[in-house]
Amino acid sequence: MATYSTNEFKGGLKIMLDGDPCSIIENEFVKPGKGQAFNRVKIRNLKTGRVIERTFKSNESVEAADVMETDMQYLYNDGEFWYFMHPETFEQVGAGEAAVADAVKWLKEQDTCVVTLWNGEPISITPPNFVMLKVAETDPGVRGDTSGGGGKPATLETGAVVRVPLFIDIDEVLKIDTRTGEYVGRAKD
Amino acid sequence: MPRTEPTADSGWRPGAELETLRLRARLLARIRNYFADRDVLEVDTPMLSQAGSTDPAIESFQTRWWGPSIGVSPLYLHTSPEFPMKRLLAAGSGPIYQLCHVFRNGELGRRHNPEFLMLEWYRPGSDHHALMDEIDVLMVTVMEGVCDYVPARRLTYQQWFLNETGLDPWSDPLDAFRRFAQSELASVPEKMPGDMLDPWLDLLVTHWLEPRLDDAPLFVYDYPVSQASLARVRQQPQPVAERFELYFKGIELANGFHELANADEQQQRFEIDNVVRQQAGQASVPLDVQLVAALRDGLPDCAGVALGIDRLLMSIAGLRDIDAAMPFGMRRA
């Protein structure tokens, strides 16, 4: 079993905590001048996404998590699993609903996502920061209104609903920031 | 052609802004003036020593010597100039101070760099309260026009704990501190000892008491005897170590003692330190027999304090990381 000492702690390090794989966000060394040293650590649980704080006595060891983040291409959904393919090995993995979670509304076939694998199994999916998605449904566009004020909801091809300017029409392709869920602009041809 | 554009890799650059380095130089000049005006002698004792620090919470760097035999190896980089300065005091130096780099292995973080600049000074004829008075005068003098510093509030270690936790380190059992930590802290380390109170006190100091400090200067004084380090112990009305710490802007800046002068007790504390080190799997360290010999010949009644200059600069300039207070922190050195 691989372990890490607190001396190896740094942002991005993957460790096991309470049976779940976690990623260190921030590691702070605290020590009274003449006393016990501690590592006060902010950690993200990679399965739930929750951020927690943990304190370790310095020089304690923790179990390493076999976690890998890989760029993979989204292929299709068979109703139960979302399938991703490694672009070089063509190896495929199927991610369940829990792993895909909120990313589902941004998944477009052939887009490259970051797949987080724990012991080879996908546990979370991070969509690209920006995706190009076609408008499936929205109120008819108002010509000439480029004020950007107001806006209206639009349902995209993946089912995501975003707020768009009034001039946007059905079938237009939009650039969306998946981190905020906000409309960025029309896709440039 | 001289290069005018910054290079892509700017890792060679100092961590501190040049403006911070100018402030640093100004503080050092003012500190030296302060002591010169008061006839406190500047000394410079060796950084390299045949003895190390036995303190279980402090690790010395070791280094190897290969010249003509001096009978010992390895040599140790000092973690504080305390021992040789006390030998000067025993030799009749009168009040002395030193500005020097000290070294502590394993300490690296936002407020720690393994090499840092320390101001250490000793006042014969003073106890820890008289020295706290003088630190206030020094701080006010040195920071004039730079930063507002008002004489620090004083609080015993016991009262500090009572105020913030309702617990008394002198009378409440370890279990009470464990329960408080488990109910109030976001997390408690798994491997905390069940038979030693000090690690629990340190956990609460760093995770509960210090984070609740305001920006005003504060002296915490009269520590548990188990944390006496090199302070003398007063038995009345309850046994306390005559030790203090100075906090400013929530940062631990200085640690001082009414200095232990009893040679036998000093020897015994060194030996106990080494036993504790061995039990914890740490290497034992050759103790400073010269210091013990000097104490045996007589150390004047005195108080001494060590103040971290880099942290002083952090608190004055509002710097988040010690790396921004010094030219080249460890990751750039």
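## A core in chain B

Leaving aside neighbours within four places in sequence, B:Leu307 is in contact with B:Met118, B:Leu119, B:Leu253, B:Ala254 and B:Leu312; contact requires C-beta atoms, placed from the backbone, within 7 Å. B:Leu307 is also one of the residues, with B:Met118, B:Ile135 and B:Leu246, that touch the most other members of the largest nonpolar core, a set of 66 residues. Such a core consists of buried Ala, Val, Leu, Ile, Met, Phe, Trp, Tyr and Cys residues joined through C-beta atoms within 7 Å. A residue is buried if 20 or more other C-beta atoms lie within 10 Å of its own, exposed if 12 or fewer, and partly exposed in between.

Another core, of 22 residues, lies apart from that one and includes A:Trp82, A:Ala99, A:Leu117 and A:Ile168. In soluble globular proteins, nonpolar side chains tend to be buried together.

## Basis of the model

This is a predicted model, in which local features need pLDDT of at least 70, side-chain atom pairs count only at pLDDT 80 or more, and totals for chains, interfaces and linings use all residues. Residues are numbered from 1 along each chain as its sequence is written, while chains are lettered from A and ligands numbered from 1 in the order in which they are written.

The mean pLDDT (the predictor's confidence in each residue, from 0 to 100) is 92 for chain A, and 96% of its residues reach 70 or more.

## Chain A

Chain A has 1 helix and 16 strands, where helices (H or I, at least four residues) and strands (E, at least two) are DSSP runs numbered from the N terminus. Its radius of gyration, taken over C-alpha atoms, is 21 Å, well over the 16 Å from the globule rule (2.2 Å times the number of residues to the power 0.38) for 189 residues, so chain A is more spread out than a compact globule. The C-alpha trace of chain A spans about 70 × 40 × 25 Å along its principal axes. Of the 189 residues in chain A, 27% are buried.

A:Asp139 sits in the loop between β12 (130-138) and β13 (152-156) of chain A. A:Asp139 counts as partly exposed because it has 13 C-beta neighbours inside 10 Å.

## Where the chains meet

In all, 23 residues of chain B are in contact with 16 residues of chain A. On the chain B side, α6 (198-209) and β11 (251-258) are the elements that give two or more residues. The largest share, 7 residues, comes from α6(B).

Conventions: Two residues are in contact if their C-beta atoms, placed from the backbone, lie within 7 Å.
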